[in-house]
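Student: I have a model open and would like to learn how to read it. Could you take me through some of its features, one at a time?

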Amino acid sequence: MDYKMAGVDIKAGYQSVELIKKHIEATRRPEVLSGIGGFAGAFSIANFKNMEKPTLVSGNDGVGTKLKLAFIMDKHDTVGIDCVAMCVNDVICCGAEPLFFLDYIACGRNEPAKIEQIVSGIAEGCRQSGASLIGGETAEMPGFYPVDEYDLAGFSVGIVDEKDIVTGENIKPGEVLIGIASSGVHSNGFSLVRQVFNMTHEALSTRYESLGKTLGEELLTPTKIYVNSLKELKAAGIRAGGFSHITGGGFHENVPRMLPEGIHAVINKNSYEIPAIFRMLSVDGDVPMEAMYNTYNMGIGMVMSVAPADVDAAVAAIGRAGEKAFVIGETKAGEKGITLC
């Protein structure tokens, strides 16, 4: 009896490391001090000594049951982008710049080619967000996970000068709410998605004219990363009152998280076109629209509050980052919360 007979292939682990090295190296920032394969990742903060009070901001998240679609379609790169996006989009809500990222992959069997696909996606997400992939863990856990399945989670750290932290506490009545378009369902609500649609390779490979692609392609579209949009806003001298990453819980749970007491958000549902996938989910699953807005991003992945005088400049800055922005509502005096009308 040895470890391989128990289900853990050490050589496959070594092969995985060799295959992912080039992807990790492609994300390297000059502040990274450690090499690949060590016990920990080192990152210098010397380049940020010009900040008055440099403050670290961290976030961690996973991809959730969206992974089930990756298993069915045998496509494993886009979920790596999702993993990074779910973390860095939270970090930037504080006004922070993502610095580095670490991943955790737990699998029933280490298949080096599959691990490489996953990590290539993680590296792409890091590239899009300007973060370095400085470490991670691949755990082969036979008997705990099915041999052809895995779980994926990550952890990101960013930095911001304390005086520039965005908390939402200064949002006032009369500010304008701007929504930045999502790329689709992103990485939340897939337990419901899997109940609404038939989760077979054949069904997911069916093309829909309303989507312009197959159902599987639509649902596996990776989560938008909004780092560049916030960088453009900063470069334009625009300071948002607050940011809300629209993840699990949709509008109803996430928008109030950026609001101070005494501020109510009013959002016009007709201010932008809802992507076709959400209409399909609602109709095919007989899901009431109220529940849809309480579960999904409905086409808006990030909401921000700005002063009326900054609206045009903010929309233009987001456009320069290659994203679409919409004026979707306003803030009013009232009980902390949200009204969709």
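This is a predicted model: local features need pLDDT of at least 70, side-chain atom pairs count only at pLDDT 80 or more; totals for chains, interfaces and linings use all residues.

Student: Let's start with the overall layout. Which domains does the domain assignment of the chain give?

Tutor: The assignment gives domain 1, residues 3-164, and domain 2, residues 175-340. Taken over C-alpha atoms, their centres are separated by 25 Å. There is also a record to look at: an unreviewed UniProt entry annotates residues 172-337 as "domain: PurM-like C-terminal".

Student: How do I judge the size of an interface, and what area do domain 1 and domain 2 bury between them?

Tutor: The size of an interface is often expressed as the accessible area that is lost when the parts come together. Here domain 1 and domain 2 bury about 2500 Å² between them, with 67% of it on carbon and sulfur atoms. On the domain 1 side, K66, L69 and M73 lose the most area to domain 2, together 25% of what that side buries. In terms of contacts, 27 residues of domain 1 touch 29 residues of domain 2.

Student: Now a strand. Which way do the residues of β9 point?

Tutor: The general idea is that side chains in a regular strand alternate between the two faces of the sheet. In β9, I263, A265 and I267 point one way, while H264 and V266 point the other way. Strand β9 covers residues 263-267, and five of its five residues are buried.

Student: Which strands does β9 pair with, and in what sense?

Tutor: With β11 (residues 325-333), β9 pairs in the antiparallel sense over five bridges. With β12 (residues 337-340), β9 runs parallel, and four bridges join them. To find your place on screen, look for V266 opposite E330 in β11, then for I267 and its bridge partner L340 in β12.

Student: How about a helix? Which residues of α10 are buried, and what do they pack against?

Tutor: Helix α10 spans residues 276-284, and its buried residues include I277, F278, M280, L281 and S282. The buried residues of α10 pack against α5 (190-196), β6 (207-208), α7 (215-219) and α11 (289-293). Just after α10, have a look at D286, which takes a positive phi of about 50 degrees.

Student: Last one: N89. Is this residue buried or exposed, and what does its side chain reach?

Tutor: N89 is buried, with a relative accessible area of 0%. You will find N89 in helix α3, residues 78-91. Its side chain reaches the backbone nitrogen of Y226 at 3.1 Å, and makes a polar contact with the side chain of H245 at 3.5 Å. Not counting residues up to four places away in sequence, N89 touches T223, K224, I225, Y226, H245 and M302.

Student: Thanks, I'll go back to the view and find each of these.

Methods: Residues are numbered from 1 along each chain as its sequence is written. Side-chain values use heavy atoms; hydrogens and water are left out. Helices (H or I, at least four residues) and strands (E, at least two) are DSSP runs, numbered from the N terminus. Buried means under 20% relative accessible area, exposed over 50%, partly exposed in between (1.4 Å probe, protein chains only). A polar contact is a pair of N or O atoms within 3.5 Å; within protein, one must be able to donate a hydrogen and the other to accept it, and residues adjacent in sequence count only if both atoms are side-chain atoms. Contact means heavy atoms within 4.5 Å. Two strands pair if DSSP finds at least two bridges between them. UniProt positions are given in the numbering used here, feature names are shortened, and annotations may be inferred rather than shown by experiment. Domain bounds come from an automatic or database domain assignment. Buried area is the accessible area (1.4 Å probe) that two parts lose on being put together, summed over both.
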